[in-house]
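Have the model open while you go through the points.

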Amino acid sequence: MSVLVYTENWDGKFKKLSYELISYASRIGEMLGGSVTALSIGKVGDDELSKLGNYGASRVLSTGGGGTLDNQLFTDIITAAVQKTEAKVIIFSNNNTGKALASRLSVRLKAGMASGVTAVPESTDPFLVEKKVFSGKAFAKVKVLTDTVILTLAQNAFGIIETGGTASLEAFDPGTDPSHAKTIIRDVQKQTGKILLTDAEVVVSGGRGMKSGDNWQPLEELAEILGGALACSRPVSDEGWRSHDEHTGQTGKIIAPDLYMAFGISGAIQHLAGVSSSKFIVAVNSDKDAPIFEAADYGIVGDALKVLPELISEIKAAKAQ
Amino acid sequence: MNILVCISNVPDTTTKIRFVNEDTAFDANGVQWIINPWDELALTRAMELKEDPSNPIEKVSVLTVGPAACEPTLRKALAIGADDAIRIDAEAGDAYFVASQIAEVVRKGDFSIILNGIESSDYNGSAVGGMLSELLDMPSVSAISSLRMENAVVMISRDIDGGREELSVPLPFVGIVQKGIAQEPRIAAMRGIMMARKKPLQVVPATDVAPLTETAEFSLPTPREPCRIFDAENIKELVNLLQNEAKVI
């Protein structure tokens, strides 16, 4: 029983999450006794496509050309790949693209979908898999009732496993009708050279305890030293101290870095919903009863603005060793 | 042209989550119910679009799938400004069940723009909007952070990784919206609350659809280890442990 993974590319490159998806798919492939095929839509070089073999894909289908994301057309292409590979499990990332495509495919194939899954299935017959619900406050075990199963994998939930394998590369002509794409892209603006908040392994975040948008320099410096990205709590973006792009929390960005450092953030439940999947949390807050300390691994009770200079110099010294 | 905003009735985001019936059902005892936050932003934007006289929008309808206990949430949506409400009388099953119910209503109605929040804060499925669009064979655009109308054409900005994409889409279409679509959710005024009582709320029977998934069991996360508090005089020790014990820097 074969497994198909949709591996999204960003300007022709894969990301850590693509390798995580393949690693996860290979584990399910082992459980089912089947192989893993990766599907790539758009222009990606052979060198890049070959990398997917190292995480357990035995076959890579690539459409070569092909334009920007259109949910209908991409669902057509993925459906063609499912038919070609006779896949019984189809896996996407639980990001915006993955969720938009997986849900359409679920209806197209009449296959049950479990989104935001956090672990390998407990069993494959019946198909039982765990996901987060209530914005991380609980887990649900989902039973998929159909023969074909669609999953979206929560980011940073599984990890990357290198297998040292190689994949055969195949040019794939899905035979789809490009005119099925109804959305018309008019403009694309991209930031370049900046670590994306949702990709960052380290995130440095500020809240109201930073007292003013003018006080962000130490956070910027710390993020730079750690190779991380900047985030903020909702009051900060609502006040206009920082851009809404940095708002992390239930209604903002949901992140799962290896290290999350919260400065002057009290940790309202809505904020924690966006960051509680972080592997390690360090919090600095002047209120010892702030709820952020219930979510944090390490904490300092103190004024973030006073703690930051020394913290930065100690981290610099530690990293210089 | 008419807008339909699909609303999920969810526990207030500060609710303490508990389960009953041997962890197979959510404990709704004492829970405050609200309009799912993203759906509330979608409704706010729908009202803004309707109120701009340059847009040819006649009516904003809201819809939910749920039992009679969901009606206060629909009334709240009417108080915010929706013109009428539809409740599909069924316990919301899985996303496929819900999307199939909504699709039936859309097929019988006359909606050009169908808005869904990007996820519901209870089951975090993020699937109903996409499924609905596929059931209706309509274009869908997800992660919409801005929606405008120019000469009756819908112009959209959506967030993509590390940037934004500007696009347009023919009507009818399904829009899946997130933060940014409206600045702040609109709060119902007293006059709106009074008027909401008289606005039409139609109850339609559910259609027979078999779900594709079911929830077998819920569980709560294992509590985290208590936070280790360091003295502000002892930052060196904290950094040492971050580097050598936690190995995160």
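1. Start with B:Ile88, which stands opposite B:Val204 in β13(B). That pairing belongs to strand β7 (residues 84–89) of chain B, which runs parallel to β13(B) over five bridges. Strands here are DSSP runs of E, at least two residues, and helices are runs of H or I, at least four, both numbered from the N terminus. Two strands pair if DSSP finds at least two bridges between them.

2. A word on the source: this is a predicted model, where local features need pLDDT of at least 70, side-chain atom pairs count only at pLDDT 80 or more, and totals for chains, interfaces and linings use all residues. Residues are numbered from 1 along each chain as its sequence is written, with chains lettered from A and ligands numbered from 1 in the order in which they are written.

3. Now the sheet: it is open, with ten strands in the order β11(A)-β11(B)-β10(B)-β9(B)-β12(B)-β8(B)-β1(B)-β6(B)-β7(B)-β13(B) and mixed pairing. Its edges are β11 of chain A and β13 (201–205) of chain B, each pairing on one side only.

4. What joins chain A to this sheet? Strand β11 (residues 184–190) of chain A pairs with strand β11 (residues 163–169) of chain B, antiparallel, over six bridges. Within β11(B), B:Glu165 is the residue opposite A:Val188.

5. As for the interface, 72 residues of chain A are in contact with 62 of chain B (C-beta atoms, placed from the backbone, within 7 Å). Helix α4 (residues 96–109) gives the most to chain A's side, with eight residues.

Note on methods
Contact = placed C-beta atoms within 7 Å.
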